[in-house]
Amino acid sequence: EFHLYTLPGTWPLEPGIVRTIGLFEPAEAKVVRSFELRGRIPYWGGLAQYGEEEETPISVYYTVQRARKTDLGDRPLPAGLVRLFEPDSAARLQLIGEAMIDHSPAGEDLRLNAGTAFDLTAKRVQATYTTRRDSIPQGGGWRYTATADYRTTIENAGDAPVTVDVLEERGGEWTILVRSIKGEKLSSTRTRFRVPVPARGKATLTYRVRVVW
């Protein structure tokens, strides 16, 4: 399995000279920016107790939508480095991030990780913690159950409101018992909370988790 990319036109190659050749003409595509905050629950093993408030980075993603029958959507793209630019107040393009992509077939969206948000900060704390141990019959060992409340506060220093996706991911048996914002169960291991944060303001998400191992 391979794909052959054909460069347009004919280009002279000179000894010792590096030449950059465009694979195709600039194409327009819709780009959606999103913000993502990863949860604190470990994927496997026990749920530990910790009492210190911690700062958690918020990642920035750009999704380039490449629907079929569009200039960019009908093209396969080779793996490589993607640079992201955004105009400043004087309409000058400024480099805001870089991301690597894999070989992408036609019609597949590109999801680019542009690093960590500057105007968005998050603090998380484990507010409560309880645990119990139950014996498994016929010498099967022990079964542990832990319940913990988490509080995440997100502050937005920017001039526009944003929505931050808070993702909790856990394997095995686990349940979110109570939450201040309705969650969306993406799969058996992932739950997403979409937290709206006002401009120059903050929002708080609380939820209670029960984990069995």
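At 61% relative accessibility, Leu-93 counts as exposed, because the cut-off for an exposed residue is a relative accessible area over 50%. The model described here is a predicted one. Leu-93 is found in strand β5, which covers residues 93-101. Together with Phe-85 and Leu-95, Leu-93 makes a nonpolar surface patch of about 330 Å².

**Salt bridges**

Side chains of opposite charge can pair when their charged atoms come close. In the whole structure, a search finds 14 salt bridges. Three of these pairs are listed below, with the distance between nitrogen and oxygen.

| Pair | N to O distance |
|---|---|
| Glu-98 and Arg-83 | 3.0 Å |
| Arg-143 and Glu-173 | 2.9 Å |
| Asp-149 and Arg-208 | 2.9 Å |

Glu-98 forms a salt bridge with Arg-83. This pair links distant parts of the chain, since Glu-98 is in strand β5 and Arg-83 is in strand β4 (residues 80-87), 15 residues apart. Glu-98 has a relative accessible area of 39% and is therefore partly exposed.

The side chains of Arg-143 and Glu-173 also meet in a salt bridge. Here too the pair links distant parts of the chain: Arg-143 belongs to strand β8 (residues 141-156) and Glu-173 to strand β10 (residues 173-179), 30 residues apart. Both partners are partly exposed, Arg-143 with a relative accessible area of 37% and Glu-173 with one of 43%.

Asp-149 forms a salt bridge with Arg-208. Asp-149 lies in strand β8 and Arg-208 in strand β13 (residues 201-212), so this pair ties together parts that are 59 residues apart in sequence. Is Asp-149 buried or exposed? With a relative accessibility of 17%, Asp-149 counts as buried, because buried means under 20%.

**The five-stranded sheet**

Strand β8 is part of an open sheet of five strands. The order of the strands is β2-β7-β8-β13-β10, and their pairing is antiparallel.

As one example of how residues face each other, Arg-133 stands opposite Tyr-144 in β8.

Thr-147 also lies in strand β8. Its relative accessible area is 19%, so Thr-147 is buried. Which residues does Thr-147 contact, leaving aside its neighbours within four places in sequence? Thr-147 is in contact with Thr-128, Tyr-129, Thr-130, Leu-177, Arg-208, Val-209 and Arg-210. One of these, Arg-208, is the salt bridge partner of Asp-149. Thr-147 and Val-211 are 64 residues apart in sequence, but their C-alpha atoms are 6.4 Å apart in space.

**The six-stranded sheet**

Another open sheet has six strands in the order β6-β3-β1-β9-β12-β11, with mixed pairing. Strands β6 and β11 (183-185) stand at the edges; each has a single partner strand, so one side of each is left without a neighbour in the sheet. Neighbouring strands of this sheet are turned by 30° against each other on average, direction ignored.

How many bridges join strand β3 to β6? Strand β3 (residues 59-64) and β6 run antiparallel and are joined by five bridges.

Gly-115 lies in strand β6, which spans residues 110-116. With a relative accessibility of 29%, Gly-115 counts as partly exposed. Not counting residues up to four places away in sequence, Gly-115 touches Ile-58, Ser-59 and Val-60. Gly-115 and Pro-15 are 100 residues apart along the chain, and their C-alpha atoms are separated by 38 Å.

Methods
Residues are numbered from 1 along each chain as its sequence is written. This is a predicted model: local features need pLDDT of at least 70, side-chain atom pairs count only at pLDDT 80 or more; totals for chains, interfaces and linings use all residues. Side-chain values use heavy atoms; hydrogens and water are left out. Helices (H or I, at least four residues) and strands (E, at least two) are DSSP runs, numbered from the N terminus. Buried means under 20% relative accessible area, exposed over 50%, partly exposed in between (1.4 Å probe, protein chains only). Contact means heavy atoms within 4.5 Å. Two strands pair if DSSP finds at least two bridges between them. Axes are lines fitted to C-alpha atoms, for helices over the stretch in contact, and angles run from 0 to 180 degrees between N-to-C directions. Patches are made of residues with over 30% relative accessible area and no salt bridge: like charges are joined within 9 Å, nonpolar side chains (Val, Leu, Ile, Met, Phe, Trp, Tyr) within 5 Å. Accessible areas come from the Shrake-Rupley method with a 1.4 Å probe; for residues, only the protein chains shown count as cover. A salt bridge is a side-chain nitrogen of Lys or Arg within 4 Å of a carboxyl oxygen of Asp or Glu.
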